[in-house]
Amino acid sequence: MVAQQVNEVASPQPGGTRPGRARKGPKNKEQTGIAYLFLSPWIAGAVLLTIGPMVASLYLSFTNYNLFTAPEWVGLDNYIRLFTQDDRFMSSVGVTFQYVFLSAPLKLAAALGVALLLNRPRKGQGFYRSAFYAPSLLGASVGIALVWRSLFTDDGAVDSLLRSVGIDTGGWINQPDYAMYVIVILAVWQFGAPMVIFLAGLKQIPQDLYDAAAVDGASTWKTFTSVTLPMLSPVIFFNLVMEIIQSFQSFTGAFVVSNGQGGPADSTLFYTLYLYQRGFQDFQMGYASAMAWLLLLTIALFTGLVFKTSGRWVFYAGEDK
Amino acid sequence: MAGLVTACGGAGGDSDGQVELRFTWWGSDDRAEITEEAIALFEERHPNITVNTSYAAFSGYFERLATEVAGNNAPDVIQMDYAYLREYGDRGVLADLHEFDEDQLGTEGITPLLARSGEIDGSLYALPMAQNTHAWAYDEQAWTESGVPLPEAGWTWEDLLSSSQALTESTDGERYGTTDFGWSWETYQVWLRQQDKDLYTDAGEIGFTSDDLRTYLELLDEFRTTEAATPATITSEIDGAVENSPLARGSAFADFTWDSTAVSFFSVLPDGVGLAPMPRIEGSDRVGQFAKPGMLISIAANSDHPEESAALVDFLLNDVDAGLILGTSRGMPVNDDVRAAVGAELDGPDQLVYDYEEALADELEEPPSAPPPGNSALKREWQRLNSVIGFGQLSIDDAVEQFMERAEQEL
């Protein structure tokens, strides 16, 4: 009962019918109290581990802070320096945008493609689903990124394979023109999480719509664009927002593949990697905090933009359009 | 074992004297094993002291240390790197070791060139744990087979260039004469010192002019354009790990290195590694090489047990038994007695490094003072520029301008 109550407050189901407002009364008040009691570990965690540090970081972003001595107030200096004096900051922004615009759409396309394939009942379906989901479980780990690094190095497996069919690339991670793609491929390969969500979304599409389309003689492509995609759009929307947020914050792949350097020639200097270098290698925590806040604002801006355009392409069942 | 001894000590009546120290260092598992062994001997000799140790790989070590220090939770005894010494010393994190008596923490036996290397503005923030110096490591057998004369003491940058070109030619470009040393901030430092300059002045300003920088970058460029040195695609595989270096992977004949690191090349180049001193500038009487404190050891300023910490440091640096356990895992011992004792027991690659340093001993110069804060950012900028120039994305003139600008901002 309590669980249900919390669930209703926390996550109204998209597309589902909203439950009627719960009746007010002593019973309800008591339940709210219990709910808060159960929530308290989470609330304490959020305040102590998230909100507190965030406020501190906002303050630090206006200071010079080297971790060991007291922060020194410098006003907007850090922000001004970032935009006017720091070429590497600008290149890290460029690299990160390139990554977000490449990896997020490619990953979602891969996730949707495989979800469509796995949606039809077939033998060994469970196995395939697990197999495609596995990279998501492993992929964020340092070990896999190390393997990736050795796969794409000069004389690595990929290089040797390509050479055997006559293409000589001379390694990927050691060339500025290719290094980014190694990290993009690593990200795309981990499409399992959005895939599972797409699968769930596909199951929700009523069979009558497909039957109707079949009766009308719609082609497979037409059915996909006129039935599947619109019906799936809330799920696409959700996945897109999550992917954009995650790609902006991407760190491990670049850190491990480029050995923490962002090289060669800064071609994989992700924003978060440069932030880390500034904070933990140069002890410029104030500067790094300013970078963190700019990142937060950028993510908020892009999420906001996606939300803004969503009215035009996201359809909820039962909605009049 | 140590726990048992201390328990008996407690029963003996001086239970108040029990002290726990924290000691942190970076290094490999091998080093951890022998360090633990040495610590066990220390605990045996000081039954009232327990030493809790922790270690990590170099990458990540200083990130963790910084966080611990910021949280007022610094370990008592800290293995320190030269590059970070000023960063921590200037900010009051490290104890001034001058405050200890000679019988608490002995410095008299330590090689004079190194003894004061941890001193900044009159305060001694660290003592060296080992001595290191620059070297050119080369694949001795392959070089000999190529017929090109081997490097010898007193060779010049011109010699390096011409022999590297000849080496590359001898393999039809399959293998390059030398690894592009443009990534190495330290090689540039040696080159500067051969001209009585340095990376930084004593005041922590930049110690060279744009013209110096341009001349050096043009020298590097000559190595690349004549294929004497590895091209950027190969150079960018360098990540600090010995097995990923072009020398180890067989794409270059030689590489700049630290002599203590050179030992690791033997595991990947079993045919043998030769060590040559740094090339010189024609006519310069300075070799530019110095005795580098390989690793240093510091005591936290707010340690609750400064005396016990000093005893541990003294033991690690000056005790012959400890020295024999630790060997050359951190480089050549700095205490003369320990060094002699360890030197007598060496063989193989360790012997080579020992002989190399002995041969150079008279020429090695005093180390420069610890680099200023901002050094780590500049070193990274240096590596970036060399990479960008190597890939033809930036002209030397622009690189000089960018670097000098960056130096002004960071220092």
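In this predicted model, the axes of helix 13 (residues 271–281) of chain A and helix 17 (residues 375–390) of chain B come within 10 Å and cross at roughly 145 degrees. Axes are lines fitted to C-alpha atoms, for helices over the stretch in contact, and angles run from 0 to 180 degrees between N-to-C directions. Helices (H or I, at least four residues) and strands (E, at least two) are DSSP runs, numbered from the N terminus. A:Gln277, A:Arg278 and A:Gln281 of helix 13 of chain A meet B:Ser376, B:Ala377 and B:Arg380 of helix 17 of chain B, contact meaning heavy atoms within 4.5 Å.

Chain B has an open sheet of 5 strands in the order 2-1-3-12-6, with mixed pairing; two strands pair if DSSP finds at least two bridges between them. Strand 2 and strand 6 (127–128) of chain B are the edge strands, each pairing on one side only. Strand 1 (residues 19–26) and strand 2 (residues 49–56) of chain B run parallel and are joined by 8 bridges. Within this pair, B:Val19 has B:Ile49 as its bridge partner, and B:Glu20 stands opposite B:Thr50.

| Helix of chain B | Strands touched | Angle |
|---|---|---|
| Helix 4 (residues 82–89) | strand 3 and strand 12 (296–299) | about 130 degrees with strand 3 |

Residues are numbered from 1 along each chain as its sequence is written, and chains are lettered from A in the order in which they are written. Local features need pLDDT of at least 70, side-chain atom pairs count only at pLDDT 80 or more, and totals for chains, interfaces and linings use all residues, while side-chain values use heavy atoms, leaving out hydrogens and water.
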